[in-house]
Amino acid sequence: MVAERLASLRRIPRARALVAVVFFVLAVACDRGSELSDQDIIQNNRGVALMGYFDYRGARDAFAEVVQRQPQWLDARVNLAIATLNMQQEGGEQRALEILSSVLESDPTHLRAQYVSGLLRLYLGQIDGALEHLQRVARADPGDAYAVYFVAQALLQQGDLEGALENYQRAIELDPYLRSGYYGAGLVLRRLDRADEAREMLSDYERFADNPRARLAEFKYTRMGAKAETMAVDRPEPTRDPLPDGPLFAAPRDIDAPPGGAPARLTAADIDADGVLDLYRVSTSGSLVLEARGEDGYRAVVDHPLSGIAGISAALWGDVDNDGNLDAYLCRLGSNQLWLGAADGTWTEAGAETGTDDAGYCSDAGLIDADHDGDLDIFVVNSNGPDELFSNNLDGSFRRLAVMSGIEGGAGPGQFLPADLDGDRDTDLIVVRQTGSDVWFNDRLWQYRPAPGFDRFRSAALIAAVAGDRDADGRTEVYAIDSNGELALWAPAKDGEWRPSPVARVDGESPGLALADFNGDGRVDLMAVSSAGVVILTGEENRVLVDEYAELSGPLIVLNGDAARGPSLAGPTLAGLRVWAPGTGRHRFLALQVTGKEDRADSMRSNRSGIGTRISLRTLDRWTITDNFDRNTAPGQSLQPVLLGLGGREAADFVALDWTDGVFQTELDLGAGEIHTVAETQRQLSSCPIIFAWDGQAYAFVSDILGVGGLGFFVAPGEYAPPRPWERFLMPEGLPAERNGRYQIKITEPMEENAYLDTVALQVFDLPPGWDMVTDERMGTGEPEVTGRPIYFRSERAVVAATNDRGDDVTGSIAASDHVAAPPGMIDDRFIGRLRAPHALTLAFDEVINPMGSQPVLVADGWVEYPYSQTVFAAWQAGATYDPPDLEALDENGEWHLVHADFGYPAGMPRVMALPLNALPPGTVSLRLTTSQEVYWDRLRVVYEEQPPEVRAHEMRPLEARLGKTGFPLRRNGPQRLPDYDYSVRQTFWDARYLDGYYTVMGPVDPLLAEADDAVVIVGSGEEVHLEFAVPPPAPAGWRRRIVVDARGWAKDMDLYTLGGGRVGPLPVSEGRTQAEQARRRDLHDRFNLRYQSGR
């Protein structure tokens, strides 16, 4: 039966992607010529499910099979068209249009066909036709916000600003969560010189920045509106399972342990590295390690190095030195202690050695990556003096930053609370004090400022506070108890002021708070504790009374040790411990253990403990947003897995992670009842645009380009590398090959960055027999100046012996351009792209390389592992430098001379660079290259520049230039970090985000590339510019043809330390432009850069 088979189909997991796919029900009686069979329905719905997994090819095949059997089923044909266009294959848009045209011939009123046709024509730059389709849809279905939004987009491209604004505003009225509408309206208002209204609209746009309910409209499946999504037959709406019967917690259990002082505090961590959470009890009289022993409870380890330490007020757990072992920072009434754990189970106290033995009376502290440099810093709250921030240098030392950064705060005991309050992806700081709290916004680079809008919060007599996102709207709120026992929710009003809203009253002494999902329904609950008992607020603040805890000698903590049943509670008593195990009235959970280190990676970007990672869970129709800070007001900081309730499901649809270095990552196939260890994917987020060229059979990966034109690359605080907005890249011989009478290349963006292309041309050089050429190109970090000019040669001198700084003979590694480079030495796993020690290569030649009258040039084939702004900051902070290559020369007298300091290196992926050697000392017989950068020297040789008797040069401007969204080519990394991309295998989606702003509309972009005028094609992640050039007349027989890609433009990534890394603008502009040139540039941007994108 159909129903039975559909029931089976519905067990297919939902779409595992950042935006859940919405499935719709087809009306199956009016657009087909015959009755649908069970097989037709099952096959169609299978295609819909495959679309949810973004398996567009599989979905296309499934729909094609249905259409072949049921050619009159129009909705199935539209499904086929949607799958075809989303495959992002060459010619796919035209094939999809042909399918849709056939549907409209059969039924001109078919709204889905009209709508998708309109989007396709808008994408292809056919604005008039697009507008006709989209306006028909908007008239027929006036409640469709997406249709109205895309009408606005079409009108904007026609230059009708008033019409575009009217439709943007209408789209917002129809769907207030359609974030793209605010941005579009704001930009149009700005162009209409209505500045105040523009600011208000853009402020509303910013308000939805981190709200997962907010939606974007763009050319991407699930973001084009419901009518552009495939439709299933007879799919019921999702329902949520009710909570199982039974109590939230089991009856409390008392566990004996050696007596301790009061008040006592507990923290949890896997102290003995056996995979099970242990407890650590501290008080002013002494400390005790309690190792978990399963059903037997806990075993007191009185002889542990961390037991028996007096004067502790709080304990913090994390991998402070990033060595893979747990460490502990002990906050004390006196000198604080930093205990470093080792793989053999030993512990060493290093407070004095590291400079972290703060001598104040510490009331609380926290481990955070305050500067997002990949290590854990320590914030200390002192009750008898100023607070302190210890910045981790990752070399075994720390520096004190509180006074320098102006965050030393007030006196008196306090609670430390880290949170991202302003939604800018970094960790802000709150110190809660009854005498007046401090709130600091983190502006990075160790710069903090008093957070605006918190005047009432600062003056409130607060005792305890927690921060989280209980309503999963993407914005942090704070729950705080004041001295009168009033529990309030603090959140920003529309004017930006944080104001309290009453939640409950908490009676009794020593109140505290914690955030956790206790019942597994996917909502974060709020626990309030005091001497009067424990109350857990769930859902719409339903109260669950747990127990009185008057017998406890200290605050409760939440234990995340049960991956299936969820959180427990534990508290100290004078006789030992009291533990509340999970009860039966819960849904199931999964557990995440996050780490910034991946075993097979050599470098790290986020801290090893993953502290500060933001986590978003999607199950069915619900978001859960949390992080792995310890969301408990009890002093100290546990290090535990994060428990996520699944709302009755057996697996998460997906889990998304925002790491502290700004990397976004999604994880699939995470089932209930397990601890899932998730390591940050060590992938290359940015480099530069990638070149593919037609090689006669396919589009072959060549290299990257315009790495020299990076915008906002961090060098030191307040200093950014100046971009060189041009590169003349020498293509490998034979590329591109001729195709249909043209040369074809693609400049793509398969990473999380933007390209800004001003001009692209091919310089074609035909050289006489025996001659070759290179270009004077490299990442020029010192003299001599890079010119990009062609360097012709017909003779060269090979290296006869190459030796590295370790005494190894590497002659064979640098003799040929074979992608096997000289080993650079040990990698510094603290900092991407840096070596532990300088790598030196000494190159010996069989005779003098600079005889009188010669013009020697060092030519190097190779590649480099680029650092990121964030890792350069981390290295700068630790006093570790990225030293570009130096060149030294050995003269005829056996003396070494520094010829060029920091001369540069191959500017990215495999390429050829050149260094003129005009400054060599007489009689040079050896050269030496030295660098601390991770440079891979593949082939090294000296050539001799001469002018050929004849060179036939041609400059070819594009005959065709088209921007398209073609997805992310598969990247493979070979030995020595050698990159390779396969254009034939492309993913439609990847864990990449868009810089926030307007991009160039899809379709022809020839006018933007016509002149070097700073009018740029803005290319985002997963997009490409396809370029075709005329082929010059063939070279004479025996001549050699070399082709240079002459590109002008820039690139910018989303690194947290890249200047302006979150936004498309400000767009680069050259100095000295006349008003007329600026006006032309502005006009071109107003015509072409109209496509808004943001986020994921």
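What is the mean pLDDT of the chain, and what share of its residues reach 70 or more? I began with this, since pLDDT is the predictor's confidence in each residue, from 0 to 100. The mean is 89, and 93% of the residues reach 70 or more.

**Ground rules.** I am reading a predicted model, in which local features need pLDDT of at least 70, side-chain atom pairs count only at pLDDT 80 or more, and totals for chains, interfaces and linings use all residues. Residues are numbered from 1 along each chain as its sequence is written, and side-chain values use heavy atoms, with hydrogens and water left out.

**The start of the chain.**

**Domains.** I noted domain 1 (38-208), domain 2 (255-613), domain 3 (686-768 + 951-1095) and domain 4 (772-947); such bounds come from an automatic or database domain assignment. Then I turned to one pair. The centres of domain 1 and domain 3, taken over C-alpha atoms, are 28 Å apart. On the domain 1 side 23 residues make contact with 23 residues of domain 3. Between domain 1 and domain 3 about 1800 Å² is buried, and carbon and sulfur atoms give 44% of that. (Buried area is the accessible area, with a 1.4 Å probe, that two parts lose on being put together, summed over both.) In domain 1, the residues losing the most area to domain 3 are Gln88, Tyr123 and Tyr183, together 34% of what that side buries.

**Cavities.** I counted 10 cavities of 30 Å³ or more. A cavity is a set of points on a 1 Å grid over the protein atoms alone where a 1.4 Å probe fits but cannot get out, and lining residues have an atom within 4 Å of a point. Points are joined across faces, edges and corners, and a volume is the space filled by probe spheres set on them.

Which residues are closest to the centre of the largest cavity? The largest cavity has a volume of about 180 Å³, and of its 13 lining residues the closest to the centre are Leu85, Asn86, Tyr123, Phe219 and Met224. Helix 4 (74-86) and helix 6 (111-123) are the elements that give two or more residues to this lining, and helix 6 gives the most, with 4. Helices (H or I, at least four residues) and strands (E, at least two) are DSSP runs, numbered from the N terminus. By class I found 8 nonpolar, 2 polar and 3 charged residues in this lining. Here Ala, Val, Leu, Ile, Met, Phe, Trp, Tyr, Cys and Pro count as nonpolar, Asp, Glu, Lys and Arg as charged, and the others, Gly among them, as polar.

The second largest cavity holds about 110 Å³. Its lining has 16 residues, with Ala365, Phe416, Pro418, Asp630 and Gly636 closest to the centre. Strand 10 (362-368) gives the most to this lining, with 5 residues.

I found a cis peptide bond between Glu783 and Pro784, with omega about 0°. Pro784 sits in the loop between strand 44 (772-775) and strand 45 (790-798). The bond from Gly1065 to Pro1066 is also cis, omega being near 0°.

Methods
On a 1 Å grid over the protein atoms alone, a cavity is a set of points where a 1.4 Å probe fits but cannot get out, and a pocket is an open set with protein on both sides within 12 Å along at least five of seven lines; lining residues have an atom within 4 Å of a point. Contact means heavy atoms within 4.5 Å.
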